[in-house]
Amino acid sequence: MKPLHLYVLALTLFTSCVSQKKYTAMQDRAVNCENELNTTKNQNNLLEAGLANEKNRSKSLEQQMEYFKSTNTDLLARLSDLSVVSKSGAESIKKSLEALNEQNKYIKDLTSSIQRKDSINLVLVMNLKRSLDNFEDEDINIEVKKGVVYVSISDKMLFRSGSYNISNRAEEVIGKIAKIINDHKELDILVEGHTDNVPISTECMVDNWDLSVKRATSIVRLMQTKFAVQPLRMTAGGRSEYLPKTTNATTEGRAINRRTEIIILPKLDQFFELLEPPTTNIEGQGKG
């Protein structure tokens, strides 16, 4: 029969082992919580930066509106003393006031549209980053440039070298992007293929122009046939090697330049309508 103190020692060691496992599990949960907190903080920082830019733009437009208001006040003061203003001069001032009011309305509408577009871009970026969060950052880059959202995907994720056939892994990525695009039917999509400067010539492709275009049309076709994105919203284009992101002199640089960009932008007809200023003609006014 074993001594009692040996049983006590064995029981103590077993209890310590179980406690250590629980402690390790709690540490892992704490690390996961901290990582989630850091991700949330990064997303909040992005949102705050976008809102700050929007406020600066709104402030600039408000200053222009204040200028027009002060000009209106001056003109009204002149109209108050019609005894020194000829009838034709008074009519000219009234027309000028109407023109300035049109300009003021135009600025307000433009400010509202810009704020709405910036808000949509922020939502798009946040949703895309959240949806594509399980993919490597070096393979997918999401950013806002020139007022529109760019999703840049490396060719190694989408295609085999020198090919325009889409991989199974790529279908998963395109499917996630297409779902978000379908949630914003007021936006159009431009898909651009880009290559490095290494020449290519096969039975199916004459050069890098062919390769870049075929890769873009492969993405557009997949979005239409498998993920139900309306074809009238999409445009496919190839930029060949002529719009590189970095030098083609190194292996790393060429890898960065081989990419497909999905650009999410406002419908072009609505965009051009937004830019049209009021048509009120004030030329020739002020002649007495």
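Leu122 lies within helix α2, which spans residues 87–131, helices being DSSP runs of H or I with at least four residues and strands runs of E with at least two, both numbered from the N terminus. In this predicted model, local features are reported only at pLDDT of at least 70 and side-chain atom pairs only at pLDDT 80 or more, whereas totals for chains, interfaces and linings use all residues. Residues are numbered from 1 along each chain as its sequence is written, and side-chain values use heavy atoms, with hydrogens and water left out.

With a relative accessibility of 16%, Leu122 counts as buried, a term that denotes under 20% relative accessible area, with exposed meaning over 50% and partly exposed in between (1.4 Å probe, protein chains only). When residues up to four places away in sequence are set aside, Leu122 touches Leu46, Leu47, Gly50 and Leu51, a contact being defined by heavy atoms within 4.5 Å.

The protein chain contains seven helices and five strands, which follow one another from the N terminus in the order α-α-β-β-α-α-β-α-β-α-β-α. The strands form an open sheet with mixed pairing and the order β1-β2-β5-β3-β4, where two strands are taken to pair if DSSP finds at least two bridges between them. Strands β1 (140–145) and β4 (234–238) stand at the edges, and because each has a single partner strand, one side of each is left without a neighbour in the sheet. Neighbouring strands are turned by 20° against each other on average, direction ignored, with axes fitted as lines to C-alpha atoms, for helices over the stretch in contact, and angles running from 0 to 180 degrees between N-to-C directions. Helix α5 (residues 208–227) packs on this sheet through contacts with β3, β4 and β5, and its direction makes about 160° with that of β4.

Strand β5 (residues 259–266) is mostly covered, seven of its eight residues being buried. It pairs in the antiparallel sense with β2 (residues 148–154) over six bridges, and eight bridges join β5 to β3 (residues 187–194), again with antiparallel direction. Within β5, Ile263 is the bridge partner of Tyr150, whereas Glu261 is the bridge partner of Ser152 and also of Glu192.

Over the protein chain of 288 residues, 33% count as buried. Among contacts with a separation of 6 or more, 71% involve residues 24 or more positions apart.
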